Amino acid sequence: MTKTQRSLQIRHVDGGSCNGCEQELAALTGPDYDMQQFGLDIVASPRHADALLATGPVTDTMATAVERVWDAVAAPKLRIAFGDCAAGCGVFQHAYASHGGLDDPDLVIPGCPPDPKAVIQVLRQWLKANALPS
Amino acid sequence: MNNTPWSQANQALKESHYELLCLTATADDTITATWLNPADGSQQSLNVPVIDQHFPSLTPTLLEVAWDEREIHDLFGYLPEGHPDLRPLVRTPRWPERFFPLKNASVDPPPWRALEPDNPAVTVQGEGVTIMKVGPSHAGIIESGHFIFSLIGENVLHLDAHLFQNHRGVEAQLEGLTVSEVAPLISRLCAADTVSHQTNWALAVESLSDFEASQTLEWRRIVLLESERILSHLNDLAQIPAGVGFQVAHQRALAIKEYWQRGLLLIYGHRFLFDTVKPGWAHPGSAEDMIALLDAMAPKWKAWRALVEGHHGFQDRMEGVGIVQPIDAVHFGAQGVAARAAGKAFDARTVLPWYRSFDLQPSISLAGDVKARFSVRLNELDESFRLVEQACTLLRQKGNLLAGNDLTQGASGRVITFTESPHGLNVHDVVLNAGHVTRYHVRAGTYRNWPLLAKTVAGNTVADFPLINKSFELCYSCNDR
C-alpha cells in the first residue's frame with residue numbers, strides 16, 4: 001500500500017505579502033495552469049484543507065490568524081511557505097512588525113513571486129515522494 | 001479647532017481645487033501638508049509644529065486626512081487635537097504602550113503583548129441589526145483585511161473596514177538605508193503598482209542629485225508604467241465579472257492577462273516588472289518585441305471587450321450599484337478610477353512633463369457606479385495600449401540617446417514625487433541625508449479610496465459588496481506598508 005498523497009486541498013492565508021504571490025495563486029487556478037487537473041486546489045475553509053499555505057513575512061497582526069487557521073486544519077496536514085517572504089528570505093524580514101516568515105514549514109516554495117509552472121512541479125514532486133506529516 | 005491658521009490655509013488650497021499629495025509627520029516634531037496645483041504641476045508645502053506632542057487636527061474641515069492623522073497618532077504619538085475619531089488605525093492592542101516606531105530611535109521588534117489584535121469597531125445599535133464580521137483571512141485568494149458590517153436584513157447600514165493587517169513597518173525599515181539598498185524594497189511594496197513606486201523613488205534620487213533624464217529614459221519609463229497599467233487593469237477587469245459569476249469573461253480575461261505577463265517576462269525578465277526602474281535607469285526592454293506583443297494582444301483584447309460590452313445581463317447587473325456621489329469623491333480626496341468614474345477629472349499623468357507630448361485624455365464618467373468604473377478601466381486600457389505603441393515607436397526612431405550626468409551617491413534634501421499608478425495618485429515623500437534615508441513616507445492611491453469604499457457600500461445589499469469591492473479593486477499592501 002502506498003502512503004503517497006494523490007491530491008492536496010490548500011487553504012491560503014496572506015501574512016503580509018505584496019499581492020504578487022496572490023496573483024500567481026490566482027493564475028494557477030486560471031485556464032493556463034489549471035492546477036485542479038492535478039488534484040491541487042485552493043479551498044474556502046481550513047476544514048476542507050490538507051494544507052496551510054502562507055504568503056508574506058507574517059505580520060504581527062496576522063500571526064494569530066495564521067496559527068488559528070493552522071489549528072483548524074485536520075491532521076495529517078502540511079505547512080507550506082509560499083514565496084521568499086514566507087520562506088524567511090524576503091526583503092521585509094527585518095521590519096519591526098514582521099515575524100520573519102512562516103514558522104516551521106514542511107515545504108518551502110521559493111521565488112519573488114514563485115513562477116506558477118514551478119509551483120505545480122514542486123507540489124507534484126512532493127506529493128509523489130511524501131505522505132502528509134501526521 | 002476649525003479656525004486655526006493651519007486649517008484655514010489648507011482649506012483655502014482645497015477650495016482652489018489643489019490635490020493633497022501627502023500629510024507627513026517627521027520625527028523633528030513637524031507636520032507637513034504638500035499640495036499639488038493640478039493646473040501646472042507646481043507644489044506648495046505648509047507646516048505646523050507639534051507642541052507637547054499635540055498638533056491641530058485638519059479632519060473636522062478636511063475629511064480626507066482622517067486616516068493620515070490617525071496613522072500619525074499611532075506611529076509618532078503626536079495627538080491631532082479635535083480629531084473626531086482617534087481609534088487606533090495601524091497599531092493593535094498587541095503593541096506596547098509607548099511604542100511609536102517612527103518617533104523612537106529603535107526599529108527592533110518590540111515585546112508584543114499576548115492579546116488579540118482586534119481594535120474596537122463602530123457598529124450600528126438597534127433592533128434587528130446584525131453584525132457580520134469578515135476576515136482577516138478570507139475564503140478566496142485575497143489579501144488580508146477585516147470588515148465589520150452592520151446589516152438590517154440584506155442591507156448594509158455601515159461598514160467599518162479594519163485594514164493594516166498587512167502592516168510590516170516598511171517606512172521604519174527604510175530609515176538608515178543607503179540609496180542603493182532602497183530599490184528592492186520599494187519594488188516589492190505592492191505587486192500591482194510596483195513600477196509606479198519604483199519610478200517615484202528614482203525621480204526622488206534624480207531630483208536631489210540634479211540628474212536630468214534623457215528622453216530615451218523617459219520613454220522607457222512610459223512604456224513600463226503603461227505596461228503595468230495594462231497588467232493591473234486586466235487583473236481588475238477580470239475580477240469584476242467574477243464578482244457576479246460571469247465565469248466566461250473572468251477566465252478569458254485571466255488568459256489575456258497571462259499572455260501579457262508571458263510577454264513581459266520575455267521582454268523585461270519579470271512577470272510583474274519588479275526591479276525594472278532605478279535611479280538614473282530603466283530596463284531597456286525591446287521596442288520591436290513590445291510592438292509585436294501589442295499586435296498579438298489586440299485581437300484577443302478587442303474580442304473580450306466586445307464580449308463584455310455586448311452582454312446585456314452583465315451590463316445591467318453593474319448599473320446603479322455602488323454609486324459614488326461626485327461630492328463624496330471630492331470630500332474623500334478620491335483618486336484613480338474610482339474618482340474619474342465619479343466625474344473627478346484628475347489624472348496625475350496630465351501634469352507630469354514627460355507625458356506632455358503624448359496628448360493624454362483622462363477617461364471620465366459621471367455615473368459613479370460599478371458600470372462606470374468598469375468602463376473607465378476599459379477606456380484607460382485602450383489608451384495605455386496607444387501610449388505604449390507611441391513611446392515604442394519613438395524609441396525605435398530616436399532611442400538610445402542615453403546621455404545624462406551621473407547620480408550623486410551622497411544626495412541630501414527632501415523631495416515629494418508622484419506618478420499615476422493603476423490605482424491612482426501615488427506619492428512618495430523622501431528625505432535623504434548624505435545618501436541615507438532619514439524619512440520615507442508612501443501615500444498610495446488606494447489610501448484615500450478605502451474610506452470612500454466603506455461609505456459607498458452603505459445602502460447597498462451585502463451580496464453586492466464583492467462586486468463593489470472588486471470595482472474599486474483597492475490593494476492592501478502599499479496601503480498597510
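Helix α14(B) has buried residues B:Phe465, B:Leu467, B:Ile468, B:Asn469, B:Ser471 and B:Phe472. The model is a predicted one. The helix spans residues 465–472 of chain B, and six of its eight residues are buried, so the rest of the structure largely encloses it. B:Glu473 follows α14(B). The phi of B:Glu473 is positive, near 40°.

A strand of chain A is likewise covered. Strand β4 of chain A runs over residues 78–82. Five of its five residues are buried, so β4 is largely enclosed by the rest of the structure. Both faces of β4(A) are covered. On one side lie A:Leu78, A:Ile80 and A:Phe82, and on the other A:Arg79 and A:Ala81. The partner strand is β3 of chain A, residues 51–55. β3 and β4(A) pair in the parallel sense, over four bridges. Within this part of the chain, A:Leu53 stands opposite A:Ile80 of β4(A).

B:Glu19 is found in strand β1 of chain B, which covers residues 19–26. The relative accessible area of B:Glu19 is 8%. B:Glu19 therefore counts as buried, the cut-off being under 20%. Its side chain makes a polar contact with the side chain of B:Lys344, at 3.2 Å. Leaving aside residues up to four places away in sequence, B:Glu19 touches B:Thr34, B:Trp35, B:Leu36, B:Pro38, B:Gln335, B:Lys344 and B:Phe346.

The two chains meet in an interface. Chain B gives 51 residues to the contact and chain A gives 45 residues. The area buried between chain B and chain A is about 3,800 Å². Carbon and sulfur atoms give 56% of that area. Three salt bridges are found across the interface of chain B and chain A. One of the salt bridges joins A:Glu24 to B:Arg271. The closest N and O atoms of that pair are 2.6 Å apart.

On the side of chain B that touches chain A, the elements giving two or more residues are α3 (170–174), α4 (179–187) and α7 (247–268) of chain B. The largest share comes from α7(B), with seven residues. By class, this side of chain B has 26 nonpolar, 15 polar and ten charged residues.

Methods:
Residues are numbered from 1 along each chain as its sequence is written. Chains are lettered from A and ligands numbered from 1 in the order in which they are written. This is a predicted model: local features need pLDDT of at least 70, side-chain atom pairs count only at pLDDT 80 or more; totals for chains, interfaces and linings use all residues. Side-chain values use heavy atoms; hydrogens and water are left out. Contact means heavy atoms within 4.5 Å. Buried area is the accessible area (1.4 Å probe) that two parts lose on being put together, summed over both. A salt bridge is a side-chain nitrogen of Lys or Arg within 4 Å of a carboxyl oxygen of Asp or Glu. Ala, Val, Leu, Ile, Met, Phe, Trp, Tyr, Cys and Pro count as nonpolar, Asp, Glu, Lys and Arg as charged, and the others, Gly among them, as polar. Buried means under 20% relative accessible area, exposed over 50%, partly exposed in between (1.4 Å probe, protein chains only). Two strands pair if DSSP finds at least two bridges between them. A polar contact is a pair of N or O atoms within 3.5 Å; within protein, one must be able to donate a hydrogen and the other to accept it, and residues adjacent in sequence count only if both atoms are side-chain atoms.
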